[in-house]
Amino acid sequence: MASPDPVSEGTLPPGSVIVDDVVPPRAPWSAVIEAGRLLSIVDLEGNQAVDTLLYDAHDTSERYSVPDTIVAQGNVYLGEGSVLMSSAGRPLMTIVADGCGRHDTVAGACSKESNTLRYGHHTKHQHACAENFLIEGAKWGLGKRDLVSNINFYMNVPVGQDGTLGVVDGISRPGLTVTLRAERDTLVLISNCPQINNPCNGFDPTPIRVVITAPVGSE
Amino acid sequence: MTSAATSTATTEGARAHARSQAGTVVDAMPVLPARSYEKVPAGVDPELLIWAETVAGGGYTSKVISRGSTIRLTDRGGDACAHLLLYNADQPWERLNMADTVKVPWQAYLGVGHPLLSDQARVLASIVQDTSGTHDALCGTSSRARNEQRYGDGSAHGRSPAGRELLLLAAAKHSLGPRDIPPGVSFFKGSRVAPDGALEPTGPAVPGAFVELRAELPLVVLIANVPHPLDPREDYQCTTLEVLAWRGEPTRPEDPLWSSTPELERAFLNTYDYADARGLA
C-alpha cells in the first residue's frame, strides 16, 4: 500500500491495526467490523465522497436507515456523536471522531440510471456508486433488494430554507479523517465515488485510506 | 352470548351467526365494488373507481393499481399521516428511492409536480394535486423500537403500532420481505430543516385536506396510517385516512408537467421508454 499520509497519521485512533487499505479512485471496498473495533476513513487528497452502507453482519436484512438515523438525532447532518441507526431502530455504528464537521445522508448514491436524469443520457455508461454497491455486495450475498439510502462521508449537501438541496463544493481537506465505532458486528460497504459530473469529488475521483483498529485493551 | 336462534353450538348455527354480520358498517373498511362508494369526489366518474377504503389510525392497506390511475388520499379528520411505499408491480425490486426523489428535483419538500422516483430513474407516481402542503420526504416511518420508547409498545397487534411493522405486513401480502422496505414518504405530517440541520415537525393538516398521486407505472401501493415519527405529542394520535383511486391516463408529453423541468422530462422519457418496450405505454 501507499505510505501513510503524514497529516492523517496523527488523527488515527491508537490500537492495533487490523486492516490498512488504500481504496483506488472509483473502486468498491468492504469488510466486517467486529463490535468495539474502529473504522477510520481518510480523505487522502480532499473532497472525495465516500458512499457507505452498513448491515448487521449476522442479519443483513437489518441495515442502515437514513430516516431512523436523522429522526433519532433530530438533525439531517452527520458528524461526531451521530449514531448510525438500523432499519429496526438500533445502533449499528457511532461516529466517534470527525475532522470534517459535516457529512451528508440525504442525497443517496449516484447510479447510471439517476445520472441520466441529473446530467443527460450521455452519462448512462459512466461508472457509478450503485454499481460498486452491487458488485461488492454480491460478495456477501447481497443484491439489488439490499440497496437503500446511504451515508456520503465528505459530501456537502446543504438544505436551504425553502427545501432546495444539491451537491455543492466540499468542505473537506486532504488528510481529514472520520472514525466510526462498531456497536455490533457490522458489514460495511464502501463505494469510493466515481462521479465526475458534480463537485462531490472535485470533478476528479481520488483514493481514500481505510483503517480498521482494535482499540487499546480490547485484544 | 348468542340467542338460541343463533346458537353457535352447531355448524348451522355458527354459519347463521357468521352470515348475520354481513352489512355491518364501521369507520375503517373497504367498500366493494368501489363504484358504490357514497362520497365520490366531484368531477370523478364513479364508474372509474377502483379503490375506496378508509384506514383507521394504526391501520394499513395495500393494492396493485394500473399505470395511469390516480390515488387520492384524504386526511378526513385532520390528524392522519399516510406513510407510503411504492413498487413497480411488474418488477418489485424497482421501488421508491427517496434520495433520488429529493436529489434529482433539487428539492426536499414535496408539492404539486414533484415526482416520486424509482431507483431506476423512472417516475413511479407524480403529485398532481395537494391541498395540504405538509408532507415529508426525509423522516420515513416509525420503528417498533422507537414506538416502544415513545408509547410503550410498537407491535402490530398492540395499541400503538409502528409504521414499519405495518408496512412489513402490507409488503408480506405481496411476497415482499424486510429487505424490500426502503425509506418511504409520508403525507399530511411533515418536517422542515433548520439552517443548522435540525428537523422540526409540521402539521397537523386541515381536516379534509387531500393529495393526489398519478401512477406512472403499474404500482404495488403500501399504506400505513400512523403518527409521524417526529410527532411531539405524548399520546399515539392518528385519525382515519380515506383512500380512493380511479382509472385514468399517465402523464403524456402534451401535459405541462412532462417538460416542467429538464430532469423531469428525462424521467418521463425513461418511464415511457420502459412502458413502451414492456407493452404498457
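I started with Val193(B) and looked up its contacts: setting aside residues up to four places away in sequence, Val193(B) touches Val76(A), Val159(A), Ala108(B) and Leu199(B). Two of the names on that list, Val76(A) and Val159(A), carry the chain A letter. I'm keeping in mind that this is a predicted model.

Next I checked where Val193(B) sits. I found Val193(B) in strand β9 of chain B, which covers residues 190-193. Buried or exposed, I wondered about Val193(B)? Val193(B) is buried, because 23 other C-beta atoms lie within 10 Å and the cut-off for buried is 20 or more. I also looked at Leu138(B): 55 residues separate Leu138(B) from Val193(B) in sequence, yet their C-alpha atoms are 9.6 Å apart in space.

Then I turned to the chain contact. I noted 34 residues from chain A and 38 residues from chain B taking part. On the chain B side, α2 (98-103), α3 (144-151) and α5 (262-278) each supply at least two residues. Which element gives the largest share of that side? That's α2(B), with 5 residues. Sorted by class, the chain B side that touches chain A has 22 nonpolar, 9 charged and 7 polar residues.

Last, the core. I looked up the largest nonpolar core, which has 132 residues, and Leu86(B), Leu167(B) and Leu219(B) touch the most other members. Strand β12 of chain B (residues 219-225) gives the most to this core, 6 residues. I followed up on Leu167(B): beyond its neighbours within four places in sequence, Leu167(B) contacts Tyr60(B), His83(B), Leu85(B), Thr141(B), Ile181(B), Leu222(B) and Ala224(B). My background note: nonpolar side chains tend to be buried together in soluble globular proteins.

Notes
Residues numbered from 1 in each chain as written. Chains lettered and ligands numbered in written order. Predicted model: local features only at pLDDT ≥ 70, side-chain atom pairs only at ≥ 80, totals over all residues. Helix = DSSP H or I, 4+ residues; strand = E, 2+ residues; numbered from the N terminus. Buried ≥ 20, exposed ≤ 12 C-beta atoms within 10 Å, placed from the backbone. Contact = placed C-beta atoms within 7 Å. Core = buried A, V, L, I, M, F, W, Y, C linked by C-beta atoms within 7 Å. Nonpolar A, V, L, I, M, F, W, Y, C, P; charged D, E, K, R; others polar.
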